Amino acid sequence: MKDTLKALHQKARLARDPIAIEAYGAAVAAIQESEVRQNKDFDEAKQIQVVEKEAGKFTESFEAFAKAGRDEKAAELKQCADLLV
């Protein structure tokens, strides 16, 4: 999964898609950071858990921005969450 996310991140960078860059970049970074913290490479199931957690963070942020009336930023965060789910 990590390799797939890296490829998607690279495609997003080439396409200059800021939403996809943010979503895939955050997912890859979260996996790498978690692996470093635990000093081991994660299997597919553990990588999926990390990505789901990252999607949850985007969803929480989306809800907070929507509640605050920042609809434009909320829409961006919702799209990020949707890409990772």
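A residue counts as buried when its relative accessible area is under 20%, and as exposed when that area is over 50%. By that rule, Glu35 and Lys2 are both buried. Keep this in mind as you explore the structure above, which is a predicted model.

- In soluble globular proteins, nonpolar side chains tend to be buried together.
- Here, the largest nonpolar core has 19 residues, and Leu5, Val51, Phe58 and Leu84 have the most contacts inside it.
- Helices H1 (2-15), H2 (18-38), H3 (44-67) and H4 (71-84) each give two or more residues to this core.
- H2 provides the largest share, with eight residues.
- Look for Phe58: leaving aside residues up to four places away in sequence, its contacts are Glu22, Ala23, Ala26, Leu77, Cys80, Ala81 and Leu84.

**Salt bridges**
- The whole structure holds five salt bridges.
- One of them joins the side chains of Glu35 and Lys2, at 2.7 Å from N to O.
- Glu35 sits in helix H2 and Lys2 in helix H1, so this pair ties together parts that are 33 residues apart in sequence.
- Glu54 pairs with Lys57, with their closest N and O atoms 3.8 Å apart; both lie in helix H3, about one turn from each other.
- Glu54 is buried at 12% relative accessible area, whereas Lys57 is partly exposed at 43%.

**The largest pocket**
- Its volume is about 260 Å³.
- Of the 14 residues lining this pocket, Ala30, Ser34, Val50, Lys53 and Lys57 lie nearest the centre.
- H2 supplies the largest share of the lining, seven residues.
- The lining has five nonpolar, three polar and six charged residues.

How values were computed:
Residues are numbered from 1 along each chain as its sequence is written. This is a predicted model: local features need pLDDT of at least 70, side-chain atom pairs count only at pLDDT 80 or more; totals for chains, interfaces and linings use all residues. Side-chain values use heavy atoms; hydrogens and water are left out. A nonpolar core is a set of buried Ala, Val, Leu, Ile, Met, Phe, Trp, Tyr and Cys residues joined through side-chain atoms within 4.5 Å. Buried means under 20% relative accessible area, exposed over 50%, partly exposed in between (1.4 Å probe, protein chains only). Helices (H or I, at least four residues) and strands (E, at least two) are DSSP runs, numbered from the N terminus. Contact means heavy atoms within 4.5 Å. On a 1 Å grid over the protein atoms alone, a cavity is a set of points where a 1.4 Å probe fits but cannot get out, and a pocket is an open set with protein on both sides within 12 Å along at least five of seven lines; lining residues have an atom within 4 Å of a point. Grid points are joined across faces, edges and corners, and a volume is the space filled by probe spheres set on the points. Ala, Val, Leu, Ile, Met, Phe, Trp, Tyr, Cys and Pro count as nonpolar, Asp, Glu, Lys and Arg as charged, and the others, Gly among them, as polar. A salt bridge is a side-chain nitrogen of Lys or Arg within 4 Å of a carboxyl oxygen of Asp or Glu.
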